[in-house]
Amino acid sequence: MLFFIEATISGLMTGVMYSLVALGFVLIFKASGIFNFAQGVLALFAGLTLVGLMEMFAVPGWLAIILTVGVMIALAWLIERLVLQHLVNQTPIILFMSTIGLAYVLEGVGDLLWGSDVKVLDIGLPQGASDLMLDRFNLYVEKLEVVAAITAAVLVTVLAVFFQKTRIGRALRAVADDHQAALSVGISLRTIWVIVWSVAGIVALVAGIMWGTKSGIQFSLSLIALKALPVLILGGFTSIPGAIVGGLIIGVGEKWAEIYVGSMVGGAIENWFAYVLALAFLLFRPQGLFGERIIERV
Amino acid sequence: MTEHRKRIGDNVLKVENITLSFGGVEALKEISFEIREHEILAIIGPNGAGKTSMLNVINGFYHPQAGTITYRGEVRSAMRPHHAAKQGIARTFQNVALFKGMSTLDNIMSGRSLRMHANFLWQMLYYGPARREETAHRRRVEEIIDFLEIQAIRRTPVGRLPYGLQKRVELARALAMEPQLLLLDEPMAGMNVEEKEDMSRFIIDVNEQFGTTIALIEHDMGVVMDISDRVVVLDYGRKLADGTPDEVRANQDVIDAYLGVPHE
Amino acid sequence: MLYREAGQFKTSYEADQAIFTIRQDRWLIVLALAVAFVIVPLVVNDYWANAILLPFLVYTMAALGLNILVGYCGQISLGTGGFMAVGAFASFKLMTAFPEMNLIIVLLLSGCVTAAVGVLFGLPSLRIKGFYLAVATLAAQFFLVWLFNKIGWFYNYNATGQITVPPREVFGFLVTGPMASPAVKYLFTLSLVVAFAMVAKNVVRGRIGRMWMAIRDMDIAAELIGVRPLHAKLSAFAFSSFYIGVAGGLIFTIYLGAVEVTEAFGIDRSFLVLFMVIIGGLGSILGSFLGAGFLVLMPILLKNVMVDWMGMAAVTAKHVEITLMGVLIILFLIVEPHGLARLWQIAKEKLRLWPFPY
């Protein structure tokens, strides 16, 4: 029984990590209708920059984070200038493909700048098992994962408020709906996109920090992007709370499947279980738990 | 209006008590009317009256919550679009539902799909039955292209055509299906006077030469009065009137709806 | 001057519907085929075959298949790697179970198996589209790779999980295995690819192709003219998967000779073929050739320039290659989203006028 609870908590925590990445997706999709395949690589790039600054230039942790945020904003500006600006009004699949191209570019450049070996990231986040939980309930819970959960909760609240209440948030939603209409009411598409990609970049940084502290900054971080897809399917592409709920469900579902079904068929079910779960979901509820119903009109 | 002698037959399509709702909104409330063979029927009414929804029901895109459709004697509660197509119902759309990635010729040829049967193996070789069939249908399609005078744009991808020509290509594709009932949703929207005259001429020609029964949604009252045999008026999902153009023009309810008298 | 079509009138619908309607095009294709079938086998060596020609041909086959699904029918698929794996493993099982079976039959049967799997994983397309469908195909990709890793039956329970092709002859010539001559391998693959390309071209210019394109352009409206979406989408998946399966079979039997599933058919292969289709041109048979050629040649060219010529470390070169690939994709999408095939068309248009300005 204890094992089950531990496994569930572990699954939930992994789920939170997935959600952090999924959040970035949702932001960009909500505000530009683009499915940003490069989100995972953004997390990797942010992590690499952070570690690179700390190791190669001996910058203290807190300063490195601020500098990296700056880098991500500059990156957002560059992406808008060089890529997005030229692809206004293109079909979604073309935009999607361009983000795949972007992922490759960021991966290559990141490796060239900072090297491709695994890096350890330590900015002072608490690590190791929580003594409190261990003593009180005899449960093994990682402190880091608790921090991640709290961070995610804070992020989600901030972002949800941002989108719903502020003027910029409203503009972002307008842009997501219809580029041309937004332009015609005077919303500067370009500014909006830079803002959105910057925020997504910062979210990616947070995700990168969490994942990086847990397992080091390495290439596989970018593959998390692929895992975020099932999360989005479950939670809906346009819902911020959905990204969290979806992440939790996938995280826990994967863990349970691995433990209970995996042992029967030789393990490594985590490779594909999330996708099959998402697929099953799609067949019954294509818009996800929280997403908007897509109505096609003739 | 020119009087033309034509044999208007019995009803080919009858809708009875069709009720259609979306969520809480009732788009159509117990609508009943009939379309008679070889006639041109106009469906008119203010925006939002439910005209397109009515066509969508006949065509099988929407399934009504209540009511029946009787087509050529067969009663059914709902149709699927490709069933409707097989039964000889063809349709054009307000927003032009053409295949934008294909040329005019390919679009019209696609209208012949139901009549092309050469099996897959012959298709792979593009020989024998497949090739003969392709040529035979091409011949028919060229006749339609001549009829609608769109020879010059045969190879142009339709996405690049101006709106008026797109509408004509869409009509051509519908004609390629050799339909018995042709549903036209605002075929003249966005056209200038000359284009409307051309389109009216085409519609009348289709009706006279091929005997096709036509139901069209139209806002231009001049056109409606000129070319239609009967008119059905819808407003807020209800049927207001049903009769010849003159009868409908004199109907008080219709006048109120159009001129806007406050509803009680 | 050279490319004028003045004076060439088509006097029948058949002539108008031919694949190559301009006489100069016909000469060009005859010339290309002559070079490919006669001259190249005489001069080809191991390096050229294994590094350039064979990968070009097998990936063209895969790109043809994926182009049908994505370019002509508009259904996104990221499962190409997994389907190629099905073709490869089907070939392996057939060859080891039936040592007497002709290699061509083996490949065709593998294609059929893959087509069936393709239809199965294509079923979701009836309910979902676009990115959602892409996720469904990802499920196929990851599941299939896992399957061929875990279930020992697929690799005849050997220790490494790697499958190796047994030597096989076709018409008396050794075609598979390390002892086969590059010329034979090349000719065998070339013949298959040319035949399959012709079939693909024939199918897409007839009623089936139009049916697929109708679904791609507006599937709601396609129903209007009597197209059944179920039939159209599943047939596209079947046809496409057949080609991709044969490509996978060729990769295993002829090109690589031995494969390990995660390395040879992982998700990056799916992306690679997708890029070939996009860069080559969606909805174009010629584009499949061009895209495959481009993405096979480019890394080789880059490596030769960077490592051999500029003396860069191999690892660095790899990173530059990845970066450049990404840049090129973005560039293509911005400048010519319809790919190399469209650029070729534009070039031909210009050539028709040359040397006159207009």
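The model is predicted, so local features need pLDDT of at least 70 and side-chain atom pairs count only at pLDDT 80 or more, while totals for chains, interfaces and linings use all residues. Residues are numbered from 1 along each chain as its sequence is written, chains are lettered from A and ligands numbered from 1 in the order in which they are written, and side-chain values use heavy atoms, with hydrogens and water left out.

**The six-stranded sheet of chain B**

- Helices (H or I, at least four residues) and strands (E, at least two) are DSSP runs numbered from the N terminus, and two strands pair if DSSP finds at least two bridges between them.
- In chain B, six strands make up an open sheet with mixed pairing, in the order 6-7-8-3-9-10.
- Strand 6 (89-92) and strand 10 (238-243) of chain B are the edge strands, each of them pairing on one side only.
- Neighbouring strands of this sheet are turned by 15° against each other on average, direction ignored, where axes are lines fitted to C-alpha atoms, for helices over the stretch in contact, and angles run from 0 to 180 degrees between N-to-C directions.
- Strand 6 of chain B pairs with strand 7 (residues 181-185) of chain B in the parallel sense over four bridges, and B:Arg91 stands opposite B:Leu183 in strand 7 of chain B.
- Helix 1 (residues 51-59) of chain B lies across strand 3 (40-44), strand 6, strand 7, strand 8 (213-217) and strand 9 (230-235) of chain B, and runs at about 150° to strand 7 of chain B.

**The four-stranded sheet of chain B**

- Four strands of chain B form an open sheet in the order 2-1-4-5, with antiparallel pairing.
- Strand 2 (25-36) and strand 5 (74-76) of chain B stand at the edges with a single partner strand each, so one side of each is left without a neighbour in the sheet.
- Strand 1 (residues 11-22) of chain B runs antiparallel to strand 2 of chain B and is joined to that strand by eight bridges, with B:Leu20 opposite B:Leu28 in strand 2 of chain B.
- Helix 1 of chain B packs on this sheet, touching strand 1, strand 2 and strand 4 (66-71) of chain B, and its direction makes about 115° with that of strand 1 of chain B.

**Interfaces with chain C**

- Between chain A and chain C, 47 residues of chain A are in contact with 35 residues of chain C, contact meaning heavy atoms within 4.5 Å.
- The area buried between chain A and chain C is about 3,800 Å², of which carbon and sulfur atoms give 82%; buried area is the accessible area (1.4 Å probe) that two parts lose on being put together, summed over both.
- A:Met97, A:Tyr104 and A:Trp272 supply 17% of the area that chain A buries against chain C, more than any other three residues.
- Chain C and chain B bury about 3,000 Å² between them, with carbon and sulfur atoms giving 59% of that area.
- A salt bridge is a side-chain nitrogen of Lys or Arg within 4 Å of a carboxyl oxygen of Asp or Glu; the interface of chain A and chain C has zero salt bridges by this rule, and that of chain C and chain B has three.
- B:Glu134 forms a salt bridge with C:Arg210, the closest N and O atoms being 3.0 Å apart.

**Salt bridges within chains**

- Over all chains, the count comes to 26 salt bridges.
- B:Arg115 forms a salt bridge with B:Glu178, with the closest N and O atoms 3.9 Å apart, and the pair links distant parts of the chain, 63 residues apart.
- B:Arg112, B:Arg115, B:Arg140, B:Glu143 and B:Glu178 are linked in a network of salt bridges.
- C:Lys348 forms a salt bridge with C:Asp25 at 3.3 Å between the closest N and O atoms; C:Lys348 lies in helix 14 (residues 339-353) of chain C and C:Asp25 in helix 2 (residues 23-43) of chain C, so the pair ties together parts that are 323 residues apart in sequence.

**Cysteines**

- The structure holds zero disulfides over all chains, a disulfide being a pair of cysteine sulfur atoms within 2.5 Å.
- For C:Cys73, the nearest cysteine sulfur is that of C:Cys112, 20 Å away.
- C:Cys73 is buried, with a relative accessible area of 0%, whereas C:Cys112 is partly exposed at 43%; buried means under 20% relative accessible area, exposed over 50%, and partly exposed in between (1.4 Å probe, protein chains only).
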